[in-house]
Amino acid sequence: MEHAIYLVTLVGTALVVAAAFSSLIAFRFGAPLLLLFLCIGLASGVDGLGIEFDNARVAYFAGSLALAVILFDSGFGTPLNALRQAAGPAVSLATFGVILTTGLFGAAAYYLLDLSWLESFLLGAAVASTDAAAVFFLLRAGEINLRERVRATLEVESGTNDPIAIFLTITLVEIIAAHANPETHVLVTDLILGFLLNMGLGAVVGVLGGLGIVRLVDRLNLDHGLLPIFVLTLSLMVFAAAGAIGGSGFLAVYLAGLIAGNSDIRAVTILKRFQDGMSWLAQIIMFLILGLFATPSQFPAIMVPAVLLGLFLMFVARPVAVWLCLIPFRLPRPEIAFVSWVGLRGAVSILLAITPLLGGLENGRTIFNVAFIIVLVSLVVQGWSVGPLARRLGLIVPARLGPLDKVELELPGSAHHELLAYRVAPGSPVARGERIPRWARPSLVLRDGRSMRFQDMGRLAAGDQVYIFVPDRYPRLLDKLFASRAVVDPEDADFFGAFAVDPARSAAELEAAYTPGLSEAEQKLTVGALVTARLGGHAEYADRVLIGPIELIVRDVDDKGKITGLGLSFEPTAPVARVPVFLSAGEIGDRVSAFIRNWRKPTETQNAEATANEKALEPTAEKITTEG
């Protein structure tokens, strides 16, 4: 018995260490990290090293707890401004998008696999939710600065679409396991009522749980070493409580993290660091367990239809669902195309595919194997193309800041102040003599191994270590002051225009100088207000507005979304987006219209030439008739 404990511990820790080392490979080559974790699990399983693991209940239980930890951390790290910016499109994708994807994919699965209609829709529900964790890892590993609106939409969608997919999957498993064959209207009614009850209870428990976590952390004077464990335990308690009363525990734990992360909770820096580490551990454990549970020797029997379904999901079901869901929001075509493509399937899809096995369904193993292959196809095909596609669509913007060396230190006994340690970077504004704001209080400077008061140091120099007291939720102005200048790619040198424009200047001056054709009402606005109005009321870093012969580019915005810097260009400098035709219904419509126009053009030209020839022959015919 004792020997078995040591052996299991050795094997388990070895797998985790191997997964951790694989992250270095992923960062180096930009490979999808989830794909590496799954491959390690597959290589260690029954068809690899011979580790036998076939306990569906343990796999689902461990995966559910790991997913709850990941969702709490995801909500904790989602700022409210991102939620406000992308709430509409993201919620539409997380609800109607999941349902549409389930329906379209289920119809294809019915004709490609030997499954009933309900089993086909069950498979569709299992693979309907996206896994954005792998996407954002690729963006970070490739140092890709994606537009904020697109990034926020993907973040919020990934945190909110899992509960809907989980509800649909579990409900369909229960119906099939009960050997029920309900009528269509009865099934739809039960699904709608059950969905509202499940999501409603989950939302209520999540909100109350999040408020309770914040209150307990602030009221209890727990040791800093115990505090992160206490918060993690409370989040799992919220997850379990919501599920126990029939609500969505996954939605509840995400909302609890969202509320706790956007409140004035104590020791927020310590909590973020701990949860980041726990989220990594949860992902590694979940992916390894799911990889171990799979049996690759069973894949060849359903490989062809599974790969075809994976391609159908990527090229048809997801793009159609995204296009229909985002019609009311009038997003640019490149952004819709990118959101369509970045619908990577991941651990959640594999986890949900275990539920048919738990329900004892006859085709449960087939559903699991097909879902696993679809996830692998998605990661292989889409995983390596995220960065190149973002560049092709013109969604990459130059970095705002250069390298920044900053450490956030938690002050014991203080819930409303933080201590930041900055190292002055060469070429940064403070190194050039820029003043530090009054609301920030520099207290200590380290230079050449000596510590001195800030008042006695004079001008800061590159390499100085500066300790500054700031209020919590401090403006990010300090980061801009201490960061070095961002290195701009030569291709992006003209990205923000050749001239700077003061956003506070009157728009009438633009009309007088360049005559762009502004209305009288627009001339009464400031240039910043004009750009904001033309953008629909919300400006974002790197947004562009073409007004007559000039183009105005947003160079910077403050924490409240107000434009603080503008550039002006006389020629459009934004990269021309080449949208793949299969990712955009609008692109398909344009191609069809162009084909019809080109098809009609030769016919019209021939008719015009024939008419011209007839007119040219008329005088000759008249002359011949007269002479005759």
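Before anything else, a cut-off I needed: buried means under 20% relative accessible area, exposed means over 50%, and partly exposed is in between. I also noted that this is a predicted model.

**Entry: a loop arginine.** I looked up Arg 432 and found it in the loop between strand 2 (417-423) and strand 3 (441-447). Its relative accessible area is 42%, so I wrote down Arg 432 as partly exposed. I then checked Ala 462, which is 30 residues from Arg 432 in sequence and 9.4 Å away in space, C-alpha to C-alpha.

**Entry: a helix pair.** I turned to helix 4 (residues 80-112) and helix 7 (residues 148-177), which pack at an angle of about 40° with their axes 7 Å apart. The two helices are therefore oblique to each other. I noted the crossing of helix 4 and helix 7 as right-handed. Among the residues making the contact are Leu 93 and Val 98 of helix 4, and Val 156 and Ile 164 of helix 7. My tally for this contact reads 14 nonpolar, six polar and three charged residues.

Entry: I traced an open sheet of four strands, in the order 6-9-8-7, with antiparallel pairing. Strand 6 (499-501) and strand 7 (544-547) are the edge strands, each pairing on one side only. From one strand to the next, the twist averages 30°. I found four bridges joining strand 7 to strand 8 (residues 550-557), and these two run antiparallel. Val 545 stands opposite Leu 552 in strand 8.

**Entry: a helix over the sheet.** Last, I looked at helix 22 (residues 527-534), which lies across strands 6, 7, 8 and 9 and runs at about 85° to strand 9 (563-569).

Notes: Residues are numbered from 1 along each chain as its sequence is written. This is a predicted model: local features need pLDDT of at least 70, side-chain atom pairs count only at pLDDT 80 or more; totals for chains, interfaces and linings use all residues. Side-chain values use heavy atoms; hydrogens and water are left out. Buried means under 20% relative accessible area, exposed over 50%, partly exposed in between (1.4 Å probe, protein chains only). Two strands pair if DSSP finds at least two bridges between them. Axes are lines fitted to C-alpha atoms, for helices over the stretch in contact, and angles run from 0 to 180 degrees between N-to-C directions. Contact means heavy atoms within 4.5 Å. Angles under 35 degrees count as roughly parallel, over 145 as roughly antiparallel, 65 to 115 as roughly perpendicular and the rest as oblique. A crossing is left-handed if the near helix is turned anticlockwise from the far one by less than a right angle, and right-handed if clockwise. Ala, Val, Leu, Ile, Met, Phe, Trp, Tyr, Cys and Pro count as nonpolar, Asp, Glu, Lys and Arg as charged, and the others, Gly among them, as polar.
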